[in-house]
Amino acid sequence: MQKVTFKDSTAVITLDEPRRLNGDAPEANPSVDELPYLWASPPLAVSFEPEKPHAQEVPDFPDGGTRAWSVVIGALFMSFGTFGWINSFGVFQTYYEQYTFKDEAASNIAWIGSIQYGLIFIPALLTGRLLDLGYYNGPLAISSVFYVAALFLVAECKTFLQVILCQGVATGFFAGMLFGSTPAIVSHWFLKKRSQAFGVLAIGSSIGGTVLPIATQQLFGKVGFKWSVRAVAFIITFAIIVANLLLRPRLPPSNVKGGLINWQSFKNPAFTCCVLAYNVTLLGLYVPLIYLDLAGQAAGFSPNFTFYLISIANCASLIGRLSSGILADRFGALNTLIPFTLIGAIASFAWPYANSNIASMVVVSIIYGCATGAFVSLIPSAPARLGGMSDAGRRIGMAITCMSLGATGGPPLAGVIRTKSGGFDDVGLYSGGVILTGCILLAVTRYLALGKWVGKF
């Protein structure tokens with residue numbers, strides 16, 4: 001049996017090469033998705049190695065089984081209760097503009113959702129590092145209590161500042177504390193089917209983003225604002241409890257060098273470009289989702305129909321999340337993400353002009369939803385492949401935390417553009433333009449990772 005030898009300054013460790021399934025002969029040019037992280041081929045990430053490999057870094061991934069998939073189901077419930085809530089803000093944006101805060105500018109109200117979108121990414125840096133050190137279920141339970149409390153307190157808010165602090169800051173931050181390390185937990189259990197598992201994880205936010213806005217909108221007219229929020233909070237509480245029961249890490253703690261941030265990762269140009277691409281894309285990705293309802297009403301359609309556009313887009317994202325995971329495992333994460341992101345850019349350009357009839361608005365909402373679903377589903381995949389598993393939680397956390405800049409800035413910028421232009425045409429040009437730029441940066445990331453423009457990554 002062939003041997004693979006690793007050298008450091010004090011010892012030579014010799015390991016058996018992992019056996020190949022079905023007796024297949026080794027490929028002449030194996031893809032990076034089929035290689036363990038610590039045995040990256042020389043062209044990958046411009047030969048970047050964030051740390052010296054050690055024997056204990058070779059984990060035996062289950063890649064299936066009841067326990068592994070139960071963790072994925074727990075992650076699905078977690079994304080339902082966190083991103084599902086965040087993705088429902090479009091209904092609140094419309095309600096606040098028309099009833100609660102009629103004197104506030106649309107761009108000011110958009111800050112509530114924007115803060116949520118930004119803060120849900122920031123805690124990933126902390127939670128990812130805590131996971132690598134072996135601390136997960138304790139912080140998860142504590143954050144769950146604070147998150148649920150913040151949800152119920154939204155119903156008691158009376159002033160704009162209170163809504164900013166409670167719905168924007170509190171629910172956004174604690175949703176991030178809950179979700180931040182969830183992709184890394186899934187990574188503990190899957191390697192070859194990892195993107196597929198990420199796709200199932202992301203289905204939760206699609207279901208939440210579909211069910212919660214419809215429930216909220218229907219309840220607004222029947223029981224009022226307070227009990228509408230409370231009812232939604234009870235639903236989310238159930239989802240969070242299920243997630244707490246199912247989510248468990250598998251790999252032992254690994255106290256790799258460095259603190260919350262591993263600056264060595266940013267010396268990898270592929271990782272740095274990937275983070276930049278995510279940020280630029282998020283400057284425009286959520287803009288149509290927030291303004292679909294208002295744009296439909298501005299075009300003369302009934303509010304009883306237009307609020308469903310948000311749910312239609314979130315429901316369609318389920319298709320993108322599932323299909324992108326399956327495609328990514330076969331063709332590569334970035335090879336799947338780039339065309340989906342390009343489709344999202346085209347849909348964002350077209351969205352303000354597709355207001356001549358109901359059919360065109362629904363079609364654009366479906367296409368946009370599929371594209372955004374794929375993007376959200378595959379966010380962790382590229383950072384996970386750009387380093388070793390001992391640092392996976394921190395590396396994914398760094399990437400997700402950095403994304404908060406784009407997620408926070410996008411909706412308010414769109415609100416300012418809408419206020420200045422008086423319509424949504426320029427908003428669509430802005431949204432589509434930045435998403436297209438992000439798509440180009442993703443292509444550059446793939447080149448930096450592979451050392452060539454074509455290949456599986």
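H1 passes H8 in a left-handed crossing. This is a predicted model, where local features need pLDDT of at least 70, side-chain atom pairs count only at pLDDT 80 or more, and totals for chains, interfaces and linings use all residues. Residues are numbered from 1 along each chain as its sequence is written, and side-chain values use heavy atoms, without hydrogens or water.

**Exercise 1.** Describe how H1 packs on H8.

*Solution.* 
- Start with the geometry. The axes of H1 (residues 66–81) and H8 (residues 182–189) come within 9 Å and cross at roughly 170°.
- Classify the angle. H1 is therefore roughly antiparallel to H8 (angles over 145 degrees count as roughly antiparallel, under 35 as roughly parallel, 65 to 115 as roughly perpendicular, the rest as oblique).
- List the residues. H1 contributes Arg-67, Ala-68, Val-71, Val-72, Ala-75 and Met-78, and H8 contributes Thr-182, Ile-185, Val-186 and Trp-189 (contact means heavy atoms within 4.5 Å).
- Sort them by class. The contact of H1 with H8 has eight nonpolar, one polar and one charged residues.

**Exercise 2.** Describe how H13 crosses H15.

*Solution.* 
- Take the axes. Those of H13 (residues 308–331) and H15 (residues 358–378) come within 6 Å and cross at roughly 45°.
- Classify the angle. H13 and H15 are therefore oblique to each other.
- H13 passes H15 in a right-handed crossing.
- Finish with the residues. The contact of H13 with H15 divides into 14 nonpolar, eight polar and one charged.

**Exercise 3.** Work out the setting of Arg-230.

*Solution.* 
- Arg-230 lies in helix H9 (residues 194–246).
- Check burial. Arg-230 is buried, with a relative accessible area of 18% (buried means under 20%, exposed over 50%, partly exposed in between, with a 1.4 Å probe and protein chains only).
- Find its neighbours. Not counting residues up to four places away in sequence, Arg-230 touches Phe-152, Ala-155 and Glu-156.
- The side chains of Arg-230 and Glu-156 make a polar contact at 2.7 Å.

**Exercise 4.** Do likewise for Ser-143.

*Solution.* 
- Ser-143 is found in helix H6 (residues 137–154).
- Check burial. Ser-143 counts as buried, at 4% relative accessibility.
- Find its neighbours. Ser-143 touches Phe-174, Met-177 and Leu-178, not counting residues up to four places away in sequence.
- A polar atom of the Ser-143 side chain lies 2.9 Å from the backbone oxygen of Pro-139.

Note on methods: Axes fitted to C-alpha atoms, helices over the stretch in contact; angles between N-to-C directions. Helix = DSSP H or I, 4+ residues; strand = E, 2+ residues; numbered from the N terminus. Left-handed = near helix turned anticlockwise from the far one by under 90°. Nonpolar A, V, L, I, M, F, W, Y, C, P; charged D, E, K, R; others polar. Polar contact = N/O pair within 3.5 Å; in protein donor to acceptor, adjacent residues only side chain to side chain.
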